[in-house]
Amino acid sequence: QVHLVESGGGLGQPGGSLRLSCAASGSMSSIAVMGWYRQAPGEQRELVGIMNSGGRTNYADSVKGRFTISRDNAKNTVYLQMNSLKPEDTAVYYCNAAGVVTVTGRGTYWGQGTQVTVSS
């Protein structure tokens, strides 16, 4: 079984910064892609940004230039540095790990979500 544990959410001010972390644990040999999605109230879950094991990234247009994903493959951990926060960044942020190879095959896993609220 693979578990993703997120940390670092909370209240941020407009123009401020927050950093999220997500650590994957369990019996896995590799993770192809790790990243972040978010879901605001009444909205569908949407991509924030992802990074593959080679370091290639893909970001939503709404966060380009403000958010940065980094990844420590040795620790199976992914980070999201969020700068220049806006009220519209308020959402529950979910960590995602895709192409996770375990003894039972390949799968996709989600964290429990962490609330990010941007407000003055």
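Predicted model: local features only at pLDDT ≥ 70, side-chain atom pairs only at ≥ 80, totals over all residues.
Local features need pLDDT of at least 70 and side-chain atom pairs count only at pLDDT 80 or more, while totals for chains, interfaces and linings use all residues. Residues are numbered from 1 along each chain as its sequence is written, and side-chain values use heavy atoms, with hydrogens and water left out.

**View 1. The disulfide of Cys22 and Cys95.** A search of the whole structure finds one disulfide, a term for a pair of cysteine sulfur atoms within 2.5 Å. Here the sulfur atoms of Cys22 and Cys95 are 2.0 Å apart. Cys22 lies in strand E3 (residues 18-26) and Cys95 in strand E9 (residues 91-102), so the pair ties together parts that are 73 residues apart in sequence. Strands (E, at least two residues) are DSSP runs, numbered from the N terminus. The link is left-handed, with -80° about the S-S bond. Cys22 is buried at a relative accessible area of 0%, and Cys95 is buried at 0% as well. Buried means under 20% relative accessible area, exposed over 50%, and partly exposed in between (1.4 Å probe, protein chains only).

**View 2. Ser21 and its surroundings.** Ser21 is found in strand E3 and counts as buried, at 18% relative accessibility. Leaving aside neighbours within four places in sequence, Ser21 is in contact (heavy atoms within 4.5 Å) with residues including Val5, Glu6, Trp36 and Tyr79.

**View 3. The open sheet that holds strand E3.** Four strands run in the order E1-E3-E8-E7, with antiparallel pairing. Two strands pair if DSSP finds at least two bridges between them. Strand E1 (2-7) and strand E7 (67-72) are the edges, each pairing on one side only. E1 and E3 are joined over six bridges, and His3 stands opposite Ser25 in E3.

**View 4. Tyr37, Trp110 and Arg45.** Tyr37 and Trp110 form an edge-to-face aromatic pair, 5.1 Å centre to centre with 65° between the planes. Rings of Phe, Tyr and Trp (its six-membered ring) pair if their centres lie within 6.5 Å; planes under 30 degrees apart count as stacked, over 60 as edge-to-face and the rest as tilted. Tyr37 is partly exposed at 22%, and Trp110 is partly exposed at 38%. The charged end of Arg45 sits over the ring of Trp110, 4.6 Å from its centre. Arg45 also lies over the face of Tyr94, at 3.7 Å from the ring centre. A charge sits over a ring if NZ of Lys or CZ of Arg is within 6 Å of the ring centre and within 35 degrees of the ring normal.
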